[in-house]
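Colleague: I have not looked at this one before. Please walk me through it.

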Amino acid sequence: YTIIANEGGGAVDDAYLYRLGEKEYLLVVNAANSSKDLAWLREHLRKFPKVILEDRTERIAMASFQGPGSKAVLEKILRETRSMLPHPGRNNFRKASIEGVGVTISRTGYTGEPVGFELFFSADKALAIWEKLCHTGQGQGNVTAGLGARETLRLEAGLPLYGHEYGIDMEGKEIPVLAVPAAKIGVSISSVKGNYIGKEAL
């Protein structure tokens, strides 16, 4: 979990950054901010000529599968392809297969649930994956929910959300990142992190 900080230490967005390989990363931003975030990253990309930034927003779909029954349902699905869940521990991830589709599964628990998963897969396979999750979860207490439900869950868990606790407030003023107690999770000023945009301000 991370903050994309601006020069003043404010939040351009909050995001998840996964290290898929030694030199490959997946940055997951808030969908409503994807164009703004991409423009901001491209603006700063000039300083890093060896970095390749690829926008896969339209090619990758994501489903959040959260709550006490999510683990059992996913394990049942994955047994069919002899795939496994990521090791326990927040933000661990693993490549798996569902319905013959390559899926990356992470243990983010983004809604604040103690048990929760995010699934990433090719956008053109989204319907097949969605139907598999819904069908397998029937009778297990699974219900589909939209962003409003997610925001309520995050509020109950005391987790910040861009546009509420991060970003610009209702008066058009920037909310200081460190005014949010949970920012300690997404902000590090350790010398190990090196220099980064906004570090001096933070």
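Modeller: First a term: helices (H or I, at least four residues) and strands (E, at least two) are DSSP runs, numbered from the N terminus. Also, this is a predicted model.

Colleague: OK. Where is Glu99, then?

Modeller: Glu99 sits in the loop between S5 and strand S6 (101-106). Its phi is positive, near 55°, and it is not a glycine.

Colleague: Why does Glu99 count as partly exposed?

Modeller: Because its relative accessibility is 46%, and partly exposed covers the range between under 20% (buried) and over 50% (exposed).

Colleague: And what about the phi of Arg82?

Modeller: Arg82 has a positive phi too, about 55°, and is not a glycine. Arg82 is in the loop between helix H2 (70-79) and strand S5 (93-98). With 81% relative accessibility, Arg82 counts as exposed.

Colleague: Switching to H2. Which of its residues are buried?

Modeller: Ser70, Val73, Leu74, Ile77 and Leu78. They line one face of the helix, because seen down the axis of H2 they fall within an arc of 130°.

Colleague: What do those buried residues pack against?

Modeller: Strand S4 (60-66), S5, S6, strand S7 (116-122) and helix H3 (126-137).

Colleague: Last topic, the start of the chain. How do S1 and S2 pair, parallel or antiparallel?

Modeller: Antiparallel: strand S1 (residues 2-5) and strand S2 (residues 11-21) share four bridges. Ala5 is opposite Ala11 in S2. Their hairpin has five residues between the strands, and Gly9 there has a positive phi near 85°.

Methods: Residues numbered from 1 in each chain as written. Predicted model: local features only at pLDDT ≥ 70, side-chain atom pairs only at ≥ 80, totals over all residues. Heavy atoms only, no water. Pairing = 2+ DSSP bridges. Buried < 20%, exposed > 50% of the residue type's maximum accessible area, 1.4 Å probe, protein only. Arc of directions from axis to C-beta. Contact = heavy atoms within 4.5 Å.
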